[in-house]
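Subject: Structure for your review

Dear colleague,

Please find below the structure that I am handing over to you.

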Amino acid sequence: EKVQLTSVANLISAFETASHSGLRDVFSNYTFVGCFDSTRVLLQFETRLFICDMSRLSQELAYQEVLHKLGDLSPFKLQTPLPLHDLIKIALNPPGSRSSSSFAIEDETEKKSLEAVALLKAKAELLQEYYGLGIDTNALTLVSLPEIIDEYPPFMGHIPFLLLSLANDVNWTEEQPCLDGIARTLSRAYSLHRLQFSSNEDTDGPTQAWIVEHVLLPSLRLRFSPPRELAKDGTVVQITSLEKLYKVFERC
């Protein structure tokens, strides 16, 4: 059952009010041209051609969908429960990072990891009930993640950082900042990664291009409110128009 809270309504109202009407028209009425690379697409709207960063768009979409669906997010179970302690240690010392192996630093990492696990355990009921993020408080394992966008699982490489950020970066004492912080943290984990899905059409499962064209882009049509900054920060860029192309052809 969806949660009806004034703070949630305030957050939704904020991004709906601040949305860019021109970009809203683009995502509601686009024609798909093709994938430029693993995370960028070409869209036509009327006589204009745009290149769009789906990593940034999927992140913003996920943020908004968390708030729209709060309390009604379906969990999908992980095939194998994942130990919280191990995941958070990965986030604290990512593979390939340059970190000292001194006992003092290892002890500090262990301490931070245990503190993060303890906080997640304390918040497990809330995370399960409102967000579909399931934690086994006895085994201290992650057992489910929310299905924020239908048919679109998160990149599993983001999950250690999701858990660490939930523990360290969310203001758990004030309602509206807490809800905003959890939604922002979840949205980063659901940002499209360049290696998230296979690029080989011969393998089982959907390809990255299929997910972009048939899952993410249609989701943007529904109720996405594109923030104004997306038109300025390189997320959505108009690269040409038919009028400009005609002028080029006239000179040929």
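The notes that follow cover the chain as a whole and then two individual residues.

Please bear in mind that this is a predicted model.

Overall architecture

The protein chain contains ten helices and seven strands. Its C-alpha trace spans about 70 × 45 × 35 Å along the principal axes. Of its 252 residues, 42% count as buried. Among the contacts with a separation of 6 or more, 72% are made by residues 24 or more positions apart.

Surface and charge

The accessible surface of the protein chain amounts to about 13,500 Å², and carbon and sulfur atoms account for 50% of that area.

Two residues with positive phi

Leucine 140 is not a glycine, yet it has a positive phi of about 55 degrees. Leucine 140 sits in the loop that runs between strand E5 (134-136) and strand E6 (141-146). Its relative accessibility is 29%, so leucine 140 counts as partly exposed.

Glutamate 151 likewise is not a glycine and has a positive phi, here of about 65 degrees. This residue is placed in the loop between E6 and helix H7 (159-168). Because its relative accessibility is 56%, glutamate 151 counts as exposed, the cut-off for that class being over 50%.

With kind regards

Definitions and conventions
Residues numbered from 1 in each chain as written. Predicted model: local features only at pLDDT ≥ 70, side-chain atom pairs only at ≥ 80, totals over all residues. Heavy atoms only, no water. Helix = DSSP H or I, 4+ residues; strand = E, 2+ residues; numbered from the N terminus. Buried < 20%, exposed > 50% of the residue type's maximum accessible area, 1.4 Å probe, protein only. Contact = heavy atoms within 4.5 Å. Areas by Shrake-Rupley, 256 points an atom, 1.4 Å probe, with all protein chains shown as cover.
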